[in-house]
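This briefing is meant to be read with the sequence and the model side by side.

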Amino acid sequence: MIWVYASIFGASIASALLPLINIEAILAVTISQQHDHAIALVVAATIGQMVGKILWYWGAVEVERAPWVRRQLEKPKAKASLERWHARAEGRPWFTAGLLFISACTGFPPYAVTAVLAGTLRVNFWIFLVTGLVGRGLRFWVVVAGASTFLGWI
């Protein structure tokens with residue numbers, strides 16, 4: 001059974017880095033075959049997703065050091081956009097946490113984009129991590145519960 005958890009964990013990391021991989025579908029199919037392990041599989045998927053999103057977050061924190069990125073961010077349009085987002089987030093931790101949670105939970109705006117933006121704006125890592133874990137966990141549980149109710153798995 002450990003290989004199933006490891007597979008979900010790995011697929012979750014991959015889906016966090018490559019949004020074309022649909023972890024929700026993979027998770028729903030896996031749980032359709034492993035009814036008794038639904039909670040543990042949701043936890044594995046949630047942690048895997050956050051490992052991948054943390055890579056996006058830290059990548060964005062460090063990416064400004066790259067000369068090409070620095071030049072792109074100095075362009076007036078990019079600079080104005082970044083300044084607008086910085087003004088929205090600065091001094092408003094509840095707004096920032098709410099946006100991160102909604103994105104993690106609903107996928108709108110896309111959570112990969114939100115993770116990069118959070119890293120670029122240097123949002124407190126713990127706010128990013130907690131809202132992501134709770135939001136992604138809730139998202140995966142709703143998907144699994146909805147699919148199982150619809151198809152009568154559990």
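A residue is called buried here when its relative accessible area is under 20%, exposed when that area is over 50%, and partly exposed in between. The model is a predicted one, and by that cut-off Tyr111, Ala112, Thr114, Ala115, Ala118, Gly119 and Thr120 of helix 7 are buried. Seven of the 10 residues of helix 7 are thus buried, so this helix is largely enclosed by the rest of the structure.

**Helix 7 and the loops on either side**

- The loop between helix 6 (93–106) and helix 7 contains Pro109, which is joined to Phe108 by a cis peptide bond with an omega of about -5°.
- Thr120, a residue of helix 7, has a relative accessible area of 18% and is therefore buried, since the cut-off for that class is 20%.
- When neighbours within four places in sequence are set aside, the contacts of Thr120 are Ala60, Glu64 and Leu82; the C-alpha atoms of Thr120 and Leu82 are separated by 8.6 Å, although these two residues are 38 residues apart along the chain.
- Arg122 follows helix 7 and sits in the loop between helix 7 and helix 8, where its phi is near 60°, a positive value in a residue other than glycine.
- With a relative accessible area of 46%, Arg122 is classed as partly exposed, whereas Thr120 is buried.

**Packing of helix 6 against helix 7**

- The axes of helix 6 and helix 7 come within 9 Å and cross at roughly 155°, and the two helices are therefore roughly antiparallel to each other.
- Their crossing is left-handed, and the contact is made by Leu100, Ser103 and Ala104 on the side of helix 6 and by Tyr111, Thr114 and Ala118 on the side of helix 7.
- By class, this contact of helix 6 with helix 7 comprises four nonpolar residues, two polar residues and no charged ones.
- Tyr111, Thr114 and Ala118, which helix 7 contributes to the contact, are also among the buried residues of that helix.

**Packing of helix 1 against helix 2**

- Helix 1 (residues 2–17) and helix 2 (residues 23–33) pack with their axes 9 Å apart and at an angle of about 165°, which makes helix 1 roughly antiparallel to helix 2.
- The crossing of helix 1 and helix 2 is left-handed; helix 1 supplies Val4, Ile8, Ala11, Ser12 and Ser15 to the contact, and helix 2 supplies Ile23, Ile26, Leu27 and Thr30.
- The residues of this contact of helix 1 with helix 2 are six nonpolar and three polar, with no charged residue present.
- Thr30 of helix 2 counts as buried at 17% relative accessibility and, apart from neighbours within four places in sequence, is in contact with Val4, Ile8 and Leu41.

**Aromatic pairs and the aromatic cluster**

- The structure holds six aromatic pairs, one of which is the stacked pair of Tyr111 and Phe128, with 6.0 Å from centre to centre and 10° between the planes.
- Tyr111 lies in helix 7 (residues 111–120) and Phe128 in helix 8 (residues 125–151), so this pair ties together parts that are 17 residues apart in sequence.
- Both Tyr111 and Phe128 are buried; Tyr111 also takes part in the contact of helix 7 with helix 6.
- Phe125 and Trp126 form an aromatic pair that is edge-to-face, with 5.4 Å from centre to centre and 75° between the planes.
- One aromatic cluster is formed by Tyr57, Trp58, Tyr111, Phe125, Trp126 and Phe128.

Notes
Residues numbered from 1 in each chain as written. Predicted model: local features only at pLDDT ≥ 70, side-chain atom pairs only at ≥ 80, totals over all residues. Heavy atoms only, no water. Axes fitted to C-alpha atoms, helices over the stretch in contact; angles between N-to-C directions. Helix = DSSP H or I, 4+ residues; strand = E, 2+ residues; numbered from the N terminus. Parallel < 35°, antiparallel > 145°, perpendicular 65-115°, else oblique. Left-handed = near helix turned anticlockwise from the far one by under 90°. Contact = heavy atoms within 4.5 Å. Nonpolar A, V, L, I, M, F, W, Y, C, P; charged D, E, K, R; others polar. Phe/Tyr/Trp six-rings, centres within 6.5 Å; stacked < 30°, edge-to-face > 60°. Buried < 20%, exposed > 50% of the residue type's maximum accessible area, 1.4 Å probe, protein only.
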